[in-house]
Amino acid sequence: MTSKPDKSKSGLIREQPLTYDDYAALDDGNRYELLGGKLELMSPAPTIKHQVISFEMQKRMASTCELEYLILYSPVDLILSATDVCQPDLVMIHRTRLDILSARGIEGIPDLVVEILSPSSLKRDKLRKLKLYAASGIPEYWIVDPAGGTLEQHMLYEGRYDLCNIYIGDESVRSERIACLSFTMEDIMNSIPDLPNK
């Protein structure tokens, strides 16, 4: 399902982008994101490695930033427009800006969005969401690659993201916009248990 047919005044059927209301009405047991009015099916469930990385990052963010920031994790709807609804892995919102929260989800621009890559989300996170998050004005976007244990830090300048740093190993992850953040990818990756290859 990518768009909704609608009859124009001429009687011809034309394609219309889906909206938040269409997205919210779905009840088929699958998880979706809505990008540019088109539904993107998300993988059935994140891997254990993905979940551990998300949890460990959330713990470290909370340990140094919880007094200043609200830290949310997927699934939570980030409603950027009527035709763009994402479910980032992690989101940080300064506590002075909690008015962007609603019963539907986040309806405004968070301070930081984090996506943890999976094979099925690689192009979506590194291409489509990168452009969408920049166009929406999200000041900082991190892309975490579980395979390499890296964190790409993208900062918004003049409406576009600059890749400012790639963190790996014991280099301390820092943000000029969110001063309370401080952890290493080495610590995150060392928290992942040995998993059988089944």
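Which hand does the link of C65 and C180 have about the S-S bond? In this predicted model, local features need pLDDT of at least 70 and side-chain atom pairs count only at pLDDT 80 or more, whereas totals for chains, interfaces and linings use all residues. Residues are numbered from 1 along each chain as its sequence is written, and side-chain values use heavy atoms, with hydrogens and water left out.

The link of C65 and C180 is right-handed, with 115° about the S-S bond. The structure holds 1 disulfide, a term applied here to a pair of cysteine sulfur atoms within 2.5 Å. In the C65 and C180 pair, the sulfur atoms are 2.1 Å apart. C86 counts as buried because its relative accessibility is 0%, while C164, at 39% relative accessibility, counts as partly exposed.

The secondary structure of the protein chain comprises 4 helices and 14 strands; helices (H or I, at least four residues) and strands (E, at least two) are DSSP runs, numbered from the N terminus. Of the 198 residues in the chain, 44% count as buried. The accessible surface comes to about 10800 Å², and carbon and sulfur atoms account for 53% of it; accessible areas come from the Shrake-Rupley method with a 1.4 Å probe, and for residues only the protein chains shown count as cover.

A nonpolar core is defined as a set of buried Ala, Val, Leu, Ile, Met, Phe, Trp, Tyr and Cys residues joined through side-chain atoms within 4.5 Å. The largest such core has 24 residues, and those with the most contacts inside it are M57, M61, M92, W142 and L151. At least two residues of this core are supplied by each of α2, β5 (69–73), β8 (90–94), β9 (112–116), β10 (140–145) and α4 (185–190). Helix α2 provides the largest share, 5 residues. A second, separate core of 19 residues includes C86, I100, A134 and Y141.

Contact means heavy atoms within 4.5 Å. Leaving aside residues up to four places away in sequence, L151 touches M57, W142, I143, V144, N165, I166, Y167, V173, F183 and M185. Among contacts in the protein chain between residues at least 6 apart in sequence, 51% join residues at least 24 apart.

How values were computed. Buried means under 20% relative accessible area, exposed over 50%, partly exposed in between (1.4 Å probe, protein chains only).
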